[in-house]
Amino acid sequence: YSIASSPTDGRHLEFFIVSVEGGELTPKLQQLPVGSRIWLGPRVKGKFTLHEVPPQKDLLLIGTGTGLAPFISMVRKYRGTDRWRKVAVVHCSRLAADLGYSEELSRYAAQDPNFRYIPTVTREPAESSWSGLRGRVQPILDDAHFERLAGFPLNPDDVQVMMCGNPEM
């Protein structure tokens, strides 16, 4: 689980949670009704932010599973500002149904020519209605393929890459 809400939203915290069978916390959280109150410590901890990223670079955000959540937070905070030139959000999940925030990200991509949403799935049944990309993240990063999908080249001088999710990625 990770926080997905914008840091400027002081009304609530939004979490992207996948229940871990046999886990200590997520099964209990999964049983709470929407809008339930939970107690949290006084400070959220973590340093996974755009603070160290130079502005006006192209940005590639790669998330697997709930690893997408910090990028949702970043996009919500900085979308429509000059924080980046172009941004591509790559999200990989096992199934299309697990591509959280896909409607929101697709809407941003439709509204902003400098924003790309690139979802991919690894275990979606062949007979499903999913018509998007299939496979892991690594093939997406092939130079020509990436530039076509993201709208910018994967050039180390111009692109900041951030990844969050499964360490096997």
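At 8% relative accessibility, C92 counts as buried, where buried means under 20% relative accessible area, exposed over 50% and partly exposed in between (1.4 Å probe, protein chains only). The model is predicted: local features need pLDDT of at least 70, side-chain atom pairs count only at pLDDT 80 or more, and totals for chains, interfaces and linings use all residues. Residues are numbered from 1 along each chain as its sequence is written, and side-chain values use heavy atoms, with hydrogens and water left out.

**Exercise 1.** State how many disulfides there are, and treat C92 and C164 in turn.

*Solution.* 
- Step 1. Apply the rule that a disulfide is a pair of cysteine sulfur atoms within 2.5 Å. The count is zero disulfides.
- Step 2. For C92, the nearest cysteine sulfur belongs to C164 and lies 13 Å away, so C92 is in no disulfide.
- Step 3. For C164, the nearest cysteine sulfur is that of C92, 13 Å away, and C164 is likewise in no disulfide.
- Step 4. Consider accessibility. C164 has a value of 21% and therefore counts as partly exposed.

**Exercise 2.** Decide whether H91 is buried or exposed, and list what it touches.

*Solution.* 
- Step 1. Locate the residue: H91 is in strand β4 (residues 84-93). Helices (H or I, at least four residues) and strands (E, at least two) are DSSP runs, numbered from the N terminus.
- Step 2. The relative accessible area of H91 is 0%, so H91 is buried.
- Step 3. Contact means heavy atoms within 4.5 Å. Leaving out residues up to four places away in sequence, H91 touches F16, G63, T64, G65, L68, D98, L99, G100, Y117, I118, P119 and T120.
- Step 4. Take F16 from that list. F16 is found in strand β2 (residues 15-16) and, at 11% relative accessibility, counts as buried.
- Step 5. F16 also touches residues beyond four places away in sequence, among them Y1, S2 and A69. The C-alpha atoms of F16 and A69 are 6.0 Å apart, although the two residues are 53 apart in sequence.

**Exercise 3.** Find which strands pair with β5, and where T120 takes part.

*Solution.* 
- Step 1. Two strands pair if DSSP finds at least two bridges between them. β4 and β5 run parallel and are joined by seven bridges, and T120 of β5 is the bridge partner of C92.
- Step 2. β5 also runs parallel to strand β6 (residues 133-134), with two bridges; in β6, the partner of T120 is L133.
- Step 3. Check how covered the strand is: in β5 (residues 115-121), six of the seven residues are buried.
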